[in-house]
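User: I would like to go through a structure step by step. Please define terms as they come up.

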Amino acid sequence: MSKQFNLRHTALAVSALVGLISVATVQTAAAADKAKTKAAGTYVTGDFHNHSTCSDGSLSMKKLIDKSVKTYGLDWFVQADHGGSSARNCTLSEDPFEPVAPALGLTNSATGPYPPATFPSGGQPAATLKGPNQSWESTLPGGRADIKGDGTATPKAMWRWQEIKEFQYKVTEDESRARQKPIWMGVEQNAPGHEHISTTVLQGQKPWPQAGVMGNATLQAQYEYCFDRNDGDTSRGAENQWDCSVTASANANALVDPTARKIRGTNGAEAGFNAPDRGHLKSLEGIRWMNEKAPTTSYYIPAHLERAGKYDPIANRGFNIEHLRNFNNTAPNIAFGFESMPGHQASATRGEYRAGFGGPGIDSVGVGTYGGTGIYAARIGGVWDALLGEGRNWWFFASSDYHNRGQFGPDQRESTQDFYPGEYQKDYVMVRRGTNNLSAEGIIDGLRSGNSFAGSGDLIDRLAFVACTANPAIPAAAFKSLLEKAASNAVAKNAEVRIDGCATMGEKLVVAPGADLVVAIAVRDPEGTNNAPYSFPNPSLKQINISQPLNAPVLDHIDVIGGNVTGYVSPTDTSKYAGLEGSAAASNSSTGIKKVFSRTNWTVAAGGVRVMSYRIPAVKVSQYVRLRGTNLPAATPFETDANGNPLNDYDLIPQDDGVTATIPGKVKCDDAACPAHMRTINGVKYSSFDVAGWSDLWFYSNPIYIEVINSVKIAGTK
Amino acid sequence: MNLSRTSLSIIVVSALMTLSGCGGGSYSSAAAADTFATRVNAAYASFASVSGLTSTAVAELFDAKYLDMSFTKTIVLDALKASAAALGNTPELSLFPLAQITSPVISNCDANNVCTLNATLVNSDADTTSVEFSTKVIIVSGVIYFYGDQSSTPSI
């Protein structure tokens, strides 16, 4: 597919969509809330994108939930399997499994829970009717007859809407209430025209702390029926008789199939139901549907959005910046961010990003991840900064995307594929309703607010990040000390700074032209060890003669990144609205590293807390600041460049999907304790799989906006 | 010196009867320190209104030679004036954080009556934040003024 063809179709798509995109949804600008009006809140950890055997995962729902909220202690969790259909019954209890040597952390004795009653991958024999790899057909009382829809395969697959509505939701709610944590249903949507989207339609679900009559996930199930690309059911959800049309969406409703009552088809050549950009249009319609049905309890967050490559109007692949803009324009209260720190961080090619992911010549955008983050957020001045440069509410999230542990069993600590939710990556989200009243609604509010940060490997576990207008009447050192103390206090409480004249992540500060600002930051680099099973020296740091146990990372530095805000780009301004990564439309040339903090200029406090601040003098234009931090110093070979930017992970690890042969890695893993499953080429063991992930840790904050009076209005947040 | 400043001086001088006097030496009047803190806090509290930002009471907190991390008295007053103008036109302006001073102690006065003020700065908007700080003050005709660190270089 030629670039010219793609761009032409993209432009056509944008042009066609202009009439459909409601720019009136841009929010009215307002200053950050007054401190006294903000309920006290807490940052809570969670994950919204992981899989069970009800799609292509390897575990039962119960085991996945147990690993997430018990073993790894997440405060909240969203079960989000792919849409479409599946034959396996994920509501069954787990198979005992066969450990793979050396089975770190497991008892491998004949008297332990494992041998002799274990089963290799695939689970117990079908005759046992046990385990989440058993089929719906073999385990439901009525067998095949209990599976709705018109499938003909044996075993018969169940549409995901039926799994969600009739089986998975009950397990989720039961687990939530029993564990007293918000756990609810979502769907990783196979997005028409694109790859995947993490979605939730919470309306109707009643996870803890709700009690009493059981809720339902009917709306979530309906969304899956209506808008998942792989849900080919045309029955309107059997007895549900769903209608997927959206009120006052005349153009799109005209495409609704009279039988299925949903838009059929996706991106493709003009044939049957498919047409160029048809899928993207259907995806936008799904956002409108959410906005109509559950405007405050839904979200729509593109997942691993660089992985499948650039957008193709006649295929279902990735996302260009114009699609993210379209999503956000359609409903900014629902489409408010992306998972640019993808899951699959222990896979052979980190995040599964690689050359040829989508077939010959179709590489992931950026080819690899960069320090575990996709190029859309990892490149300073790239896609994320372009969106922030418009003043959009577009936030950064991470997910684990758990499916399996590759060659290892689910209770082993090694992995050659995925990390469990909470094991490696976490989203830290402000919930104002407090720890005693943690709720799914409050968490979604927190996700939407942008008052969140994400990171890997427990590099940091607490952050207070605030920008304040300087009070000129208070001596500067005293004012600095006051704000640093406020940030330090906030970190001690796992909370935020609540002071008038200050704004935190996701908020904006409205200031007079020429005002000075003070940015104050406190982070906690947790003491002790993280979840890595390895205590040998980090092989990446070993290259520069730093000996640091892999399971005890130390925050090396924090970059304060800033850029200017120039306002929303109109969809009609095609050259600025639509373009590939690296294009003018997908760049913000004003963005750069404004300040670097490290042990040389931060203050170390008890408990691993680091406190720092700096002054931005005489602001003249609207702008934003955001943070990133890492355990790796600038100029760590094959990991970071001289400015501390993460380098392409695909170039670091051995990979064998090149043209002819396996290409060696760059960082040797030569410690005696380096595990046997590392890629070994010509007798040399290289940092790879989970070790490569544990070696290279990052966190990203969401931005604080600064709106200068008489400069550009920042419309996307308050 | 205008009338308000004269009145202020009389009040302050009466509180400074134990002052060792111009020409230096130790300065240990708790009452004088409290009086200064009261003036500061009244001025800071007045920032809640547009008029407070440009009041003479605020201007009278700063010595003419005030210099603190490159901020002169003129710069401070101009910044407050700009904030007042912006606040008047833009109600959503995020005015700067406010604070109060408690536990003031003035000590270490030198021959030029430049002393060290140690105090606690407190913000109680929602979660109370307090921090001890020190800065230079100067005593002129018995009246205490902020004097700043006399540094023309920003340190943060």
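Analyst: A residue is buried if 20 or more other C-beta atoms lie within 10 Å of its own, exposed if 12 or fewer, and partly exposed in between, with C-beta atoms placed from the backbone. Helices (H or I, at least four residues) and strands (E, at least two) are DSSP runs numbered from the N terminus. This is a predicted model, in which local features need pLDDT of at least 70, side-chain atom pairs count only at pLDDT 80 or more, and totals for chains, interfaces and linings use all residues. Residues are numbered from 1 along each chain as its sequence is written, while chains are lettered from A and ligands numbered from 1 in the order in which they are written.

User: How many of the residues of strand β7 of chain A are buried?

Analyst: Strand β7 of chain A covers residues 298–302. S298(A), Y300(A) and P302(A) point one way from the strand, Y299(A) and I301(A) point the other way, and all are buried. The strand is largely enclosed by the rest of the structure because the buried residues number five of the five.

User: Is W394(A) buried or exposed?

Analyst: W394(A) is found in the loop between α10 (383–388) and β9 (395–398) of chain A. Leaving out residues up to four places away in sequence, W394(A) touches L324(A), N328(A), F336(A), G337(A), L387(A) and L388(A); a contact means that the C-beta atoms of two residues, placed from the backbone, lie within 7 Å. Because W394(A) has 26 C-beta neighbours inside 10 Å, it counts as buried.

User: How many nonpolar residues does the side of chain A that touches chain B have?

Analyst: The contact takes 38 residues from chain A and 35 residues from chain B. On the side of chain A, α12(A) gives the largest share, nine residues. Ala, Val, Leu, Ile, Met, Phe, Trp, Tyr, Cys and Pro count as nonpolar, Asp, Glu, Lys and Arg as charged, and the others, Gly among them, as polar. By class, this side has seven charged residues, seven polar ones and, as nonpolar residues, 24.

User: Over which residues of chain B does pLDDT stay under 50?

Analyst: pLDDT is the predictor's confidence in each residue, from 0 to 100. Chain B has a mean pLDDT of 84, and 81% of its residues reach 70 or more. Where pLDDT is low, the predicted coordinates should not be read in detail. In chain B, pLDDT stays under 50 over residues 1–26.

User: What share of the residues in chain A is buried?

Analyst: The secondary structure of chain A comes to 15 helices and 24 strands. In helix α2 (residues 61–71), the buried residues include M61(A), L64(A) and I65(A). Of the 718 residues in chain A, the buried share is 62%.
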